[in-house]
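I have a new structure open and my notebook beside it. Here is what I looked up, step by step.

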Amino acid sequence: MDSISLSTVAGVQACGGTAAAPLLEVDDVVVELGSGAARARILNHVSLTVRRGQTLGLVGESGSGKSTLAKTLVGNLVPASGTIRFDGRDTKGLKGTRLRTLRRQVQLIPQDPYSSLNPRRTIGQALAEAIDPRGGNPRRHSRDIAEWLERVSLPAEAATRYPHEFSGGQRQRIAIARALAVRPELIIADEITSALDLTTQADILNLLAKLRRDLETDDAVHLAQPCSGPPRQRRSRGALPRRLG
Ligand SMILES: Nc1ncnc2c1ncn2[C@@H]1O[C@H](COP(=O)(O)OP(=O)(O)OP(=O)(O)O)[C@@H](O)[C@H]1O
Ligand SMILES: [Mg+2]
């Protein structure tokens with residue numbers, strides 16, 4: 001599995017997968033939000049490539065458009081211009097099964113885990129849907145659900161509870177489990193620790209490192225190696241810089 005991690009520093013860091021085929025190719029993407037006089041260009045000709053096996057870290061100041069890019073990559077926002085190719089295929093105008101497949105292949109773990117969990121669905125229902133898109137049944141998938149909960153250090157009985165019954169750190173662990181249970185090809189982690197206190201941030205980062213190790217031994221999931229070395233720094237103002245990395 002390949003990943004993008006977005007955080008509030010400035011610059012971009014990539015590691016691993018340098019010779020592999022591109023998995024995600026973002027070319028000259030422009031995104032504008034708001035309407036009428038309030039319409040503003042948020043992403044200003046952004047281009048980047050993530051290859052198979054590569055981890056790309058994208059950093060920029062608050063308000064520079066990291067979450068906007070993340071939402072665009074999973075198809076929640078539509079670019080005004082530019083192209084986004086996943087596994088060599090243009091994602092523009094995808095509909096039906098192809099769109100649903102893409103939405104599973106690219107999983108976003110958002111800044112606020114509340115936004116990725118339906119408040120009216122139990123954790124078991126959320127995980128069952130992730131495990132089996134054809135209407136996953138929590139009872140039928142109870143073993144897999146318990147396994148995923150255990151992977152993120154939560155008890156099996158968490159499956160019967162609702163998102164509001166958990167702390168911020170626990171919700172973020174559930175959001176990670178839900179995203180990984182889909183078995184995506186690309187994970188976009190949008191500042192997933194920024195809303196948490198320092199100790200919980202460390203717990204979540206340790207958990208991700210552990211999952212990376214655990215899942216690397218699983219034939220079905222390929223995780224990129226952790227990045228090492230300092231990020232290349234590039235300061236940007238307002239919209240993301242034209243060429244990243
Ligand atoms: N729906 C919207 N309509 C208009 N402008 C928006 C909308 N959503 C976001 N913006 C603007 O887009 C810009 C980029 O926001 P975004 O959330 O992508 O930044 P960010 O880099 O993720 O910031 P942070 O590090 O604080 O999370 C901001 O100036 C924000 O006000
Ligand atoms: Mg953000």
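These entries go from the whole chain down to single residues.

**Entry 1: ground rules.** I am working with a predicted model, where local features need pLDDT of at least 70, side-chain atom pairs count only at pLDDT 80 or more, and totals for chains, interfaces and linings use all residues. Residues are numbered from 1 along each chain as its sequence is written, while chains are lettered from A and ligands numbered from 1 in the order in which they are written.

**Entry 2: confidence.** I checked pLDDT, the predictor's confidence in each residue, from 0 to 100. The protein chain has a mean pLDDT of 81, with 80% of its residues at 70 or more. In residues 217–245 the pLDDT is below 50, and this stretch has 70 contacts in the model beyond near neighbours in sequence. A contact here means that the C-beta atoms of two residues, placed from the backbone, lie within 7 Å.

**Entry 3: the whole chain.** I found six helices and nine strands in the protein chain. Both are DSSP runs numbered from the N terminus: helices are H or I with at least four residues, strands are E with at least two. Next I looked at burial: a residue is buried if 20 or more other C-beta atoms, placed from the backbone, lie within 10 Å of its own, exposed if 12 or fewer, and partly exposed in between. By that rule, 38% of the 245 residues count as buried. Among contacts with a separation of 6 or more, 74% join residues 24 or more positions apart.

**Entry 4: a parallel pair.** I then turned to strands β8 (residues 106–109) and β9 (residues 186–190), which pair in the parallel sense over four bridges. Two strands count as paired if DSSP finds at least two bridges between them. Val106 stands opposite Leu186, and Gln107 stands opposite Ile187. Which residues of β9 are buried on each side? I found Leu186, Ile188 and Asp190 on one side and Ile187 and Ala189 on the other. In β8, Val106 and Leu108 point one way, Gln107 and Ile109 point the other way, and all are buried.

**Entry 5: the core.** A reminder to myself: in soluble globular proteins, nonpolar side chains tend to be buried together. A nonpolar core is a set of buried Ala, Val, Leu, Ile, Met, Phe, Trp, Tyr and Cys residues joined through C-beta atoms within 7 Å. The largest one here has 48 residues, and Ile109, Leu127, Ile176, Ala177 and Ile188 touch the most other members. Helix α5 (residues 168–181) gives the most to this core, with seven residues. Setting aside neighbours within four places in sequence, I saw Ile176 in contact with Ile109, Val152, Leu207 and Leu208.

**Entry 6: an open sheet.** I traced four strands forming an open sheet in the order β4-β3-β6-β7, with antiparallel pairing. β4 and β7 (89–90) are at the edges with a single partner strand each, so one side of each has no neighbour in the sheet. Inside the sheet, β3 and β6 (residues 81–86) pair over five bridges in the antiparallel sense, and Glu25 stands opposite Arg85 in β6.

**Entry 7: around ligand 1.** I counted a residue as near if its C-beta atom, placed from the backbone, lies within 6 Å. Ligand 1 is surrounded by 15 residues, the closest being Leu33, Ser62, Lys66, Ser67 and Thr68. How many of the shell residues are nonpolar, polar and charged? I got three nonpolar, 10 polar and two charged. Here Ala, Val, Leu, Ile, Met, Phe, Trp, Tyr, Cys and Pro are nonpolar, Asp, Glu, Lys and Arg are charged, and the others, Gly among them, are polar. α1 gives the largest share of the shell, three residues. Seven of the eight residues of α1 are buried, including Lys66, Ser67 and Thr68.

Entry 8: Most residues other than glycine have a negative phi. I noted that Asp28, not a glycine, has a positive phi of about 60 degrees; Asp28 lies in β3 (residues 22–33). Arg183 also has a positive phi, near 60 degrees, and lies in the loop between α5 and β9. Are these two buried or partly exposed? Asp28 is partly exposed, because it has 14 C-beta neighbours inside 10 Å, and Arg183 is partly exposed with 16.
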